[in-house]
Amino acid sequence: MSHHASSTLTVPDAGDVPRHVAIIMDGNGRWATTRRLPRVAGHSKGVEAVRAIVEACVLRGVEYLTLFAFSSENWRRPPDEVSLLMRLFIVALEREVAQLRANGIRLKIVGDLSAFEPRLQTLIRNAEHRTAQNTKMTLTVCANYGGRWDILQATRAMLEARPDLAADPSRIDETDLAPHLAMRHAPEPDLFIRTGGEQRISNFMLWQLAYSELYFTDAFWPDFGAAELDRAFESYRARERRFGRTSAQVATPAELPGP
């Protein structure tokens, strides 16, 4: 079965290093406020943290890194902060793509991109195109993304592609929906990390996080470096990923019944 299969159908190999890490990068604004800096300074510092974590993940053998950059809920922030975040996104895209390309990193940007100005949409398409052949790691940036939006848009796309399923809904299963999800290019995350002290998933990858290990840290995103990442990985290694099985089954996989 391909690695795209849902973990509810297959049990992925549990390695020492999570194959797919998903991160909510929270606390940029508060990092700045505690230093009496404008929130904007925190967002700029956050971009530097992204660079460090991308590098650290590549060195540690992570295959997929997914970052929640801008949620569909973030539009509710003050307009000047939103437009600044968009500008920062544009500048980061322009500046970082050559580096990603040189380092063998494929860039994917997923979300409802229709809300972005045309120039940003073009930059996004170009960035994806220029890094499409890279295979060392896939970096996915979720922008104007929401987990519920993803499930809804996938459902609509599935029914458009397969009108026969609408006539007989009982035939729909996970494998019909999965190819239409915005995150279809990646296996499900092994490890989810949220910085900044909040302990919730905030409408991020709801479908895909069903069996992921969750790790929360009080560290603000700009302070989250390689050492913090290693701490998260240590926590991940200490856990037993059971996928609904018993501890005894996990300990003796050879005795598991065949498919």
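Trainee: At what angle do α2 and helix α8 pack?

Mentor: This is a predicted model in which local features need pLDDT of at least 70, side-chain atom pairs count only at pLDDT 80 or more, and totals for chains, interfaces and linings use all residues. Residues are numbered from 1 along each chain as its sequence is written, and side-chain values use heavy atoms, leaving out hydrogens and water. Helix α8 (a DSSP run of H or I, at least four residues) spans residues 226–237, and its axis is 10 Å from that of α2. With axes as lines fitted to C-alpha atoms over the stretch in contact, and angles running from 0 to 180 degrees between N-to-C directions, α2 and α8 pack at about 50°.

Trainee: How are α2 and α8 oriented to each other?

Mentor: Angles under 35 degrees count as roughly parallel, over 145 as roughly antiparallel, 65 to 115 as roughly perpendicular and the rest as oblique. The pair packs at an angle of about 50°. The orientation of α2 and α8 is therefore oblique.

Trainee: Which residues of α8 meet α2?

Mentor: Contact here means heavy atoms within 4.5 Å. On the α2 side stand I53, A56, C57 and R60. Their partners in α8 are A226, L229, D230 and F233.

Trainee: By class, how many residues of the contact of α2 with α8 are nonpolar?

Mentor: Ala, Val, Leu, Ile, Met, Phe, Trp, Tyr, Cys and Pro count as nonpolar, Asp, Glu, Lys and Arg as charged, and the others, Gly among them, as polar. Among the residues that meet are R60 of α2 and D230 of α8. The contact has 2 charged residues and no polar ones, and its nonpolar residues number 6.

Trainee: How are the axes of α2 and α3 set to each other?

Mentor: Helix α2 covers residues 39–60 and helix α3 covers residues 79–102. Their axes come within 11 Å and cross at roughly 25°. That crossing makes α2, relative to α3, roughly parallel.

Trainee: Which residues of α3 make the contact with α2?

Mentor: From α2, the contact takes R39, V40, H43, S44, V47, R51 and V54. By class, the whole contact has 8 nonpolar, 2 polar and 5 charged residues. The α3 side is made of E81, L84, L85, L88, A92, R95, E96 and L100.

Trainee: With which residues is V47 in contact, leaving aside its neighbours within four places in sequence?

Mentor: V47 lies in helix α2. Its C-alpha atom is separated by 8.1 Å from that of P222, which is 175 residues away along the chain. Beyond those close sequence neighbours, V47 is in contact with L88 and A92.

Trainee: How are α3 and α4 oriented to each other?

Mentor: Helix α4 runs over residues 118–131. The axes of α3 and α4 come within 10 Å and cross at roughly 15°. The two helices are therefore roughly parallel.

Trainee: How many charged residues does the contact of α3 with α4 hold?

Mentor: From α3 come M86, F89, I90, L93, E94, V97, A98, L100 and R101. From α4 come R119, L120, L123, I124, A127, R130 and T131. The division gives 11 nonpolar residues and 1 polar, and the charged residues number 4.
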